[in-house]
Every structure is written in C-alpha cells, then in structure tokens.
Amino acid sequence: MTISNNNKLMLNKSLPVLMGLTLFAFALGVSLLYVDGQFTLLPWSLASCLTIGGAVLFIALLSLRNKLFKVAANADANSIKVAQGLPTKQWKKVLLVFSMFVGSLVFLGISHYVANSIIFRWDITGNKQHTLSKNTLAFISNLNKNVELTAFYVGLPPKYLQDLLNEYERLSAGLITTQIVDPIDNITFAAKFGNVVSGKERKIIVQSGSVRKDVDFTNDPLTEEKLTNAIARASRSLTRAYFLNGHGEYLLTNNGNTGLTTFKQLLADNNIQSKSLMLGITQSIPKDCDVLIIAGPRTELTEQEETLVVDYLTSGGDALFLIEHVLVTTPDKPLTQEQQKQNPSLNNIINQWGLNIQSDIVVDLTNHVGDDVGSPATKNYQQHKAITQNLDYTFYVRPRSIVVLEQRRPTIKLAAIASTASKEQSWAETNRTLDIQFDQGIDTAGPVPFSYVVLEEHQETSNTANKKISKSSDTRIIIFTDADFLTNVYINQYSNAQMGLNIVKWLAELDYQVFPSSTEIKVERLDLTSKQKRQVLVILFLLPFFFVIVGLIVWLRTKHYE
C-alpha cells in the first residue's frame, strides 16, 4: 500500500484543524450550558453532539493517518524523516517558543512597571473624570502628613470611586492610603468608626493624626473638590480666629438672634477655632492669631488698641472688619451726639489701607429683603473665586457705602466684593431721618459697593550668618459694612453662611477652597441579569481561547508540514 506526498500533507494539515474545532466545539457546548444555567435539552444536546462528533472524527482520522504512515514507512525511508522531523529544527522551534514566552513575560513586566511609575496619564473620558486638577496635584505634592481614606460602600463599589482613590494614593508618594469597605460584610470594622454608616449611607472618612472629617456621598457621586477639601481640613494645622471684645461687639457666647454661636460652629466644622480677645486686658494680639475679627463694635477703640491693630496688620496680619450701620431716626427725634458716635466706622485704621467708610445707608428699591429697602439683597459680586464663586444671593441690614481713597500706597490692591446691581433704583442715602429719595450731588448713585477686599504684599529682608534672606508676606483685609448677616437670625438664609466661611478662609490663607467646582461625574450603571452576566463572562473567555486554538493549529500544521 502506497500513499502519495499530497495525501500525507492533506492528513497532516487536516488533523490540527480538526483537533482545534473539537476543542472549540467542546468549549462552546460547555459555555452554552453555563449561560443557560441548567441542563436543558438544547444546549446539552448541542454540546454533546459537537464534542462527541468532533472527537470521533478526530480519532478516526488519527487512526487512518497512523496506519497509512506505517505502511508507507516500509516503502519509503524518507517518509520516516517527514513524520519524525529533523532534530535540529525541533530544537530551533523549542528555542523559538521559549524565547517568545520569556519575551512576553519581560514585556508584561516592563509595561506594568512603566504604567505604575510614570506620572503621565492620558484621560480620554469626555469630562476628564480621571484627571485631578492642577490645584489638587499641587496640594498633594506639598502634603507632609499621613492621611487615611476609608470609604464605606455597600455592595460593589463603582469604578469611578476606585479610580479616584487610586489616583490620590498613587500621587501622594505613600502619604495617602485608601480602602473601600462594605460595612455590612465588615460590621466589626465599621463599628470602630462609630454610628456613622448604615446600609443606605455612603461615606468616606478622612483621618490624619487625631483629626477626622467625614464626607457623605449618599445622594451624589464623590467629587474631587469634596475629597480634597476634607483632606486639607484634616491634614492642616488648626486655624485660630480671635474675635475682639470690649466695645459692644457681637459675642461668640450669645445664643440669641444677635449672637455668633452659629457662625462659631460653622468655623469649627472647618477646623477654625474661635476665641475671644480683649485688647484692654492682654495689651497685645496673640502670636497664634491667624485672623482678627472685629464684629460690629458699638463704641470706638482706644488709641492704644488702634495702634495694636495697625501694627498687627502692618507686620502681615489678617483681619475682618464688620462695621455696623449708622443710627436712623425721624425728623421729630433728632439724634444725640452720643447716638451719632455709636457704631464707629474705624476709619482711623481702615483709611491707612486706602478705604473710607461713609456715614450713609445703602438702599435698593428693586432688590431687598422684606419691606426694608435698606436691606439690599444682591448677587452682584466681583470675580474673586475664592470668595464669591457659586454664591447665591446674600443680603445685608442697612450697610454703608465704601469709598476708595486716591492717596494710598501703590502696593495696596483693592477690589469690591459685593455691590448693589441697579443704577437707577439703588444709591447711598445720606439722609438719616428716613426720607428716602435720591438727591443728585448729595447721595451716591448705584451700583454701590459695601464690601471690599484688600491685599498688600510685603518683602522683608533679614541678615543671617552674613547673608541677606528675603521673605515675602502679605496683609489681607476684608471689610463688610454690616455684621448682622452673620448673626444667628440671618446666617442660614440664602448664601450668608457660605459668604462668611469663604471670607474667613481666604483671610486665613486656607486656599484649598478655591479648587475648581467639582466636575459632574455621570455614573451610568449597566444593570445585567444573571444570565447576561454569564454571557459576558463566556465572551471574555472564548475570545482568548479562540486565539489560543488558532495559534495551536498554525503551530501544529507548520510542524507537520516541515
């Protein structure tokens, strides 16, 4: 019995293909059974037929091949070489396969190392949701304390949350550690944090040393802005704000309508400690004072106290002046000389920074609170992102106008914060007898500013070890001609509380609040049934398995062909 070379090659080429089809048919049949989730007739029959039929045909052809090659071997000695192959070529193939395998492992290792060590990332999402802002990157690069981020999330955490936490951990050089915990599965661990989580809540707890801040993202996705602010509040040292007392100012201890207890708590929630200060007793401003707040003095400061405040500001201190309104009356009840001196302007201090507080009342006939045209409500803010970004209306009770002085130091930078918006329907009324009408040449036409921000930079030079060291600092001052908007009765209305918090933060140079507004992350969740999930898993399995089979077929055919 003889066999031609063409028949031999045909058999050699057919067997690997048939073996591959048999394996693929078996995998397909098993996959159908897995997707269906039960041993129903159709997938079971199809899997059995494909597997058994392919296996039988493969065994039959393999037997025929062996028989034919055995007969042909007696007649043609060269057929043995064809069947067995050359030893040298086999070693070359083994070496080639081994080299490809090792090369693949080396490539995977290098690519994995590069992907995790190089800072550069290419974010191709539409809203760059995986890219942290420049301000956040700068903040993380200057971080010098260890921070732990523990996210509590019931069930499978969303991908965006994992990616966000991974970015913070990756960029912090080991200072930030993160973990996502299911409080239902880890009740004992969750209990260590107190009664802060439940099956419905989603929170991330930021810890740095003994300071802890909680961020709730139950209703909205966790944003970069919220998380960075929480890290900043937890990792930065305590900020101290001193409230001047002794001149009839609004008190931190007053729980009534005119007290500042709500404002004090708001500052405490943002890691700002409030303390009272009586310069008449201490005769100095404490060195740990980050912000000096003078909230509505009823009487004048003494000359010595004014000097202390001016020296504090000149040396780089920061202060918030809340000047109260002038008293008004009716024509039949003229103000006494003592009443006219109440609620002083503190111009002896403020004039030195290029501003002057007027003895008038800002009125707005178009936009005011209630029936009091002397309580303007406004959204007319200047572009000062750290203070006014995303603010809604704020309103003020009988504020005064502020005028910029022409004679001032060139190093002083001034900008209005809030003003009335109307030109014709708002003005600064100088008549204090409630005769409200605009008098040309006497009253100041709108828009009328009633709050200002002042910034003056200083360059200090000191000699150390025969070397001159230059150090820069600045004086920050904010002036509002109203203190009532931060009292207990008004602070929680409109955006008054946010305005008060923003101005203290800017004065204390807690610039983390100026991070760009959070990018809205639209979390689109694809809900799959259990059968659909199994289908996805099968597809993910069959794709690489198919390429393995194709590679095996090509390799076997090449081997037998040679």
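Tutor: Start with a term: a contact means heavy atoms within 4.5 Å. Among contacts in the chain between residues at least 6 apart in sequence, 73% join residues at least 24 apart.

Student: What kind of model is it, and how are residues numbered?

Tutor: This is a predicted model: local features need pLDDT of at least 70, side-chain atom pairs count only at pLDDT 80 or more, and totals for chains, interfaces and linings use all residues. Residues are numbered from 1 along each chain as its sequence is written, and side-chain values use heavy atoms, with hydrogens and water left out.

Student: How many helices and strands are in the chain?

Tutor: The chain has 16 helices and 20 strands. These are DSSP runs numbered from the N terminus: helices are H or I with at least four residues, strands are E with at least two.

Student: What percentage of the residues count as buried?

Tutor: Of the 562 residues, 40% are buried. Buried means under 20% relative accessible area, exposed over 50%, and partly exposed in between (1.4 Å probe, protein chains only).

Student: Which residues touch the most other members in the largest nonpolar core?

Tutor: Ile478, Phe480 and Met499 do, in a core of 40 residues. Such a core is a set of buried Ala, Val, Leu, Ile, Met, Phe, Trp, Tyr and Cys residues joined through side-chain atoms within 4.5 Å.

Student: Which elements supply at least two residues of this core?

Tutor: Among them are strand E5 (239-244), helix H9 (261-269), strand E20 (467-480) and helix H15 (496-507). H15 gives the largest share, seven residues.

Student: And what does Phe480 touch?

Tutor: Leaving out residues up to four places away in sequence, its contacts include Phe321, Tyr396, Phe450, Met499 and Ile503.

Student: What does the second core include?

Tutor: That separate core has 29 residues, including Cys289, Leu301, Ile350 and Ala416.

Student: Sheets now. What order do the strands take in the open sheet of four?

Tutor: The order is E2-E1-E3-E4, with mixed pairing. Two strands pair if DSSP finds at least two bridges between them. Strand E2 (176-181) and strand E4 (211-216) each have a single partner strand, so one side of each lacks a neighbour in the sheet.

Student: In which sense do E1 and E2 pair?

Tutor: Strand E1 (residues 147-152) pairs with E2 in the parallel sense, over six bridges. E1 and E3 run antiparallel, joined by five bridges.

Student: Is E1 mostly covered or uncovered?

Tutor: Mostly covered: five of its six residues are buried. From E1 the chain crosses through helix H6 (residues 159-171) to E2, in a right-handed β-α-β crossover. Right-handed means that, with the strands pointing away from the viewer, the path from the first strand over the helix to the second runs clockwise.

Student: What is the order in the three-stranded open sheet?

Tutor: E10-E17-E18, with antiparallel pairing. Strand E10 (361-364) and strand E18 (444-445) are the edges, each pairing on one side only. E10 is joined to strand E17 (residues 426-429) by four bridges. The bridge partner of Val362 in E17 is Ala428.
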